[in-house]
Amino acid sequence: MLHSKNISNDSQDKNLTEHVKTVGKHFTVLNNRYLGIYGDVIEASRTANPDEMLTYLATNAGIKDGMTLLDAGCGVCGPARFFASKFAVQIDAITAVQLQKEIAEIKNREQFLDSRIQVLCGDFHQLSNYYPKNHYDIVYFFESFCHSYDIHRVIQEAHAVLKPGGCIYMKDWFLIDRLKLKDPIKYVIVKNRINEFYSFNFKDGINELASVIGYLNHHGFEVEFGRKPGYETGDYKLTALFHGNHEVYGPNNEYQDNDLGGDISDVFDVIEIFELKARKQL
Ligand SMILES: C[S@@+](CC[C@H](N)C(=O)[O-])C[C@H]1O[C@@H](n2cnc3c(N)ncnc32)[C@H](O)[C@@H]1O
């Protein structure tokens, strides 16, 4: 459901900040590579069959028939279509990328799910500009919260649009200190390169799981859990393919030939995937 303040594509674009525009550029330039390698579920942390992970996430998010969901950072709506095909739910989905919105709408129509999933191109730092307050049962983020440039604002906006008792659920990237403890200089280099390449905005003292749990408690949520997900995680083979595979996808000069720099295992000593659920207090 869209709010009466919903606005046209042109004026939406003017409201998107520079950071969100770089997110848009990242996913537009790399769209073929993302969809070709990851498919409709644009997530690096995944099970071999992504349906198994999505089933796990649906259970832990608490998705049930009759609910109204908000997919914050929806990509091309792979997860939203999976949920809408398994549950009688209505989903509003938002992406910062116009191209993803267009692809999602085509795919939603092809699967006769367009009446159940509405897609908007906009900024999830401004959810209450587009959507009604106190409305959603669940606002979920799958590998999208990591792109936020102001996580306080995202948490406040999610709080505003959730019903009292509704939940924020995320399966997302957080900073960890494995490499920092081993090699603090390398840690800074790898973190900066991750921020630059992926259009993240990770900062020490802000993007760790413990900090985000603290903010959620501060902003009127009760945290139910923050932990490593229990699904069988892959070995990041697809991530390696994403950063290579030039013979199929061609060089990518826009992003320094797609090279993240260093060893891919260093990356997973700087960031780690966690699932986090918090309930808006009644
Ligand atoms: C790695 S993709 C994940 C897509 C989707 N959640 C999935 O699982 O397939 C990250 C998504 O976050 C979205 N995103 C990042 N920053 C955003 C913002 N400020 N507002 C809306 N969407 C954003 C991007 O547009 C992209 O769709």
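The axes of helix H8 (residues 151–161) and helix H11 (residues 209–218) come within 10 Å and cross at roughly 45 degrees. Axes are lines fitted to C-alpha atoms, for helices over the stretch in contact, with angles from 0 to 180 degrees between N-to-C directions. This is a predicted model, where local features need pLDDT of at least 70, side-chain atom pairs count only at pLDDT 80 or more, and totals for chains, interfaces and linings use all residues. Residues are numbered from 1 along each chain as its sequence is written, and side-chain values use heavy atoms, with hydrogens and water left out.

Trainee: Is H8 parallel or oblique to H11?

Mentor: Under 35 degrees counts as roughly parallel, over 145 as roughly antiparallel, 65 to 115 as roughly perpendicular and the rest as oblique. The axes cross at roughly 45 degrees. That makes H8 oblique to H11.

Trainee: Which residues in H11 does H8 meet?

Mentor: Contact means heavy atoms within 4.5 Å. From H8 come Ile151, His152 and Ile155. Their partners in H11 are Val212, Tyr215 and Leu216.

Trainee: What is the angle between H4 and H5?

Mentor: H4 covers residues 50–61, and H5 covers 78–86. Their axes come within 11 Å. The crossing is right-handed. The angle is roughly 70 degrees.

Trainee: How far apart are the end C-alpha atoms of H4?

Mentor: The expected span is 1.5 Å times one less than the number of residues. For the 12 residues of H4, that should be 16 Å, and the model agrees. The end C-alpha atoms are apart by 16 Å.

Notes:
Helix = DSSP H or I, 4+ residues; strand = E, 2+ residues; numbered from the N terminus. Left-handed = near helix turned anticlockwise from the far one by under 90°.
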